[in-house]
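Keep the structure in view as you read.

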Amino acid sequence: MENVNPSGRIIEWPLSDNMHHQWLLLAACFWVIFMFMVASKFITLTFKDPDGYSAKQEFVFLTTMPEAEKLRGEKHFPEVPKPTGKMLADSRPDQPPVYLERLELIRNTCKEEALRNLSHTEVSKFVLDRIFVCDKHKILFCQTPKVGNTQWKKVLIVLNGAFSSIEEIPENVVHDHEKNGLPRLSSFSKIGIQKRLKTYFKFFIVRDPFERLISAFKDKFVHNPRFEPWYRHEIAPGIIRKYRKNRTETRGIQFEDFVRYLGDPNRRWLDLQFGDHIIHWVTYVELCAPCEIKYSVVGHHETLEADAPYILKEAGIDHLVSYPTIPPGITVYNRTKVEQYFLGISKRDIRRLYARFEGDFKLFGYQKPDFLLN
């Protein structure tokens, strides 16, 4: 920088002032950077928790925010994480209590030595024939007739791809195993059976045992809506010949005849004559072997409105298919109907019937029908 003094000489000012300003500016910049670093460190420290739990939560929350935008259009069930069909019953401690309690009750009852003959059965071909397979979604469904099984078959038929929707399935196809595309577990090799029993999602549905018997009697011997004449023309006469007390009675089979047949410990020879038709009234134990097969979920007909969506969700298929609409009141236990059907039947016959189905009552938590027995 130049200047002129009074004598006319040119004076050169040193550059020290200019450099001094530059150094001050540079120092200010460093100070700002330093303060920013200190502030950042302070902010980080304030978010830390002594146990690391809060810090971990904050990190997970921040890193999953973008995923929340991506999943906004998908279903979300915060209470119970969505599993795959491979999940086993004893690996789900986060299941709602009612479903855990049902499985625990089965496990405990299976251990009761006094009930062993009523709770255990061999996993025979008869049992394997009752279990339908959906390999695509790794699901096994054990059929328990007169407990809404037609609707569950429709669900599996759609999942297996035979039809695109439940509404498209003709009623005569549902129970035609040549056309419905539902393979039975018995159709696989021994290794294939064991693999599926071990790894697939498995379920079945139960209802009050006596109410189920009433439903079976009405459906097969009274109304017979699917026109299955062998029930009236072959099975009914066989039951009447052996179990009707009044031989002069000419009416068709009565519920009393049916009860005597079911409660007879020596009925086995007659069951063999009737073949697989007995699936509509044999015990749940005989159908599904709940003490031998570890099921993932056991649904109850009386709470089907809640159980059906839950089963679909647990199986990981709730986004693919819905359970058909349940008519109002159809799943409610009807004690009055039970009393009416058992009216006039001897206590001895009812007690013998209960003795046969006691395993079902206790395994699945149904109250002993003392109003019929005493």
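**Disulfides and burial**

The structure holds two disulfides. This is a predicted model, where local features need pLDDT of at least 70 and side-chain atom pairs count only at pLDDT 80 or more, while totals for chains, interfaces and linings use all residues. Residues are numbered from 1 along each chain as its sequence is written, and side-chain values use heavy atoms, without hydrogens and water.

Q: What makes the link of Cys-110 and Cys-291 a disulfide?
A: A disulfide is a pair of cysteine sulfur atoms within 2.5 Å. Here the S to S distance is 1.9 Å, so the pair meets the definition.

Q: Why is the disulfide of Cys-110 and Cys-291 called left-handed?
A: The torsion about its S-S bond is about -90°, so it is left-handed. Cys-110 lies in helix α3 and Cys-291 in the loop between α13 and β6, 181 residues apart. Helices (H or I, at least four residues) and strands (E, at least two) are DSSP runs, numbered from the N terminus.

Q: What is the S-S distance of Cys-142 and Cys-288?
A: The sulfur atoms of Cys-142 and Cys-288 are 2.0 Å apart, and they form a disulfide. With -95° about the S-S bond, this link is left-handed. Cys-142 sits in strand β4 and Cys-288 in helix α13, 146 residues apart.

Q: Why is Arg-130 called buried?
A: Buried means under 20% relative accessible area, exposed over 50%, and partly exposed in between (1.4 Å probe, protein chains only). Arg-130 has 2%, so the label is buried. This residue is in helix α5. Cys-134 is buried too, at 0%.

Q: Why is Asp-370 called partly exposed?
A: Its relative accessible area is 36%, so Asp-370 counts as partly exposed. Asp-370 is found in helix α17.

Q: Which residues does Arg-130 touch?
A: Contact means heavy atoms within 4.5 Å. Not counting residues up to four places away in sequence, Arg-130 touches several residues, including Cys-142, Arg-184 and Asp-276.

Q: What makes the lining of the second largest cavity nonpolar?
A: Ala, Val, Leu, Ile, Met, Phe, Trp, Tyr, Cys and Pro count as nonpolar, Asp, Glu, Lys and Arg as charged, and the others, Gly among them, as polar. The lining has eleven nonpolar residues, no polar and no charged. Among them are Trp-152, Phe-201 and Ile-311. A cavity is a set of points on a 1 Å grid over the protein atoms alone, where a 1.4 Å probe fits but cannot get out; lining residues have an atom within 4 Å of a point.

Definitions and conventions. 1 Å grid on protein atoms, 1.4 Å probe; cavity = no way out; pocket = protein on both sides within 12 Å on 5 of 7 lines; lining within 4 Å.
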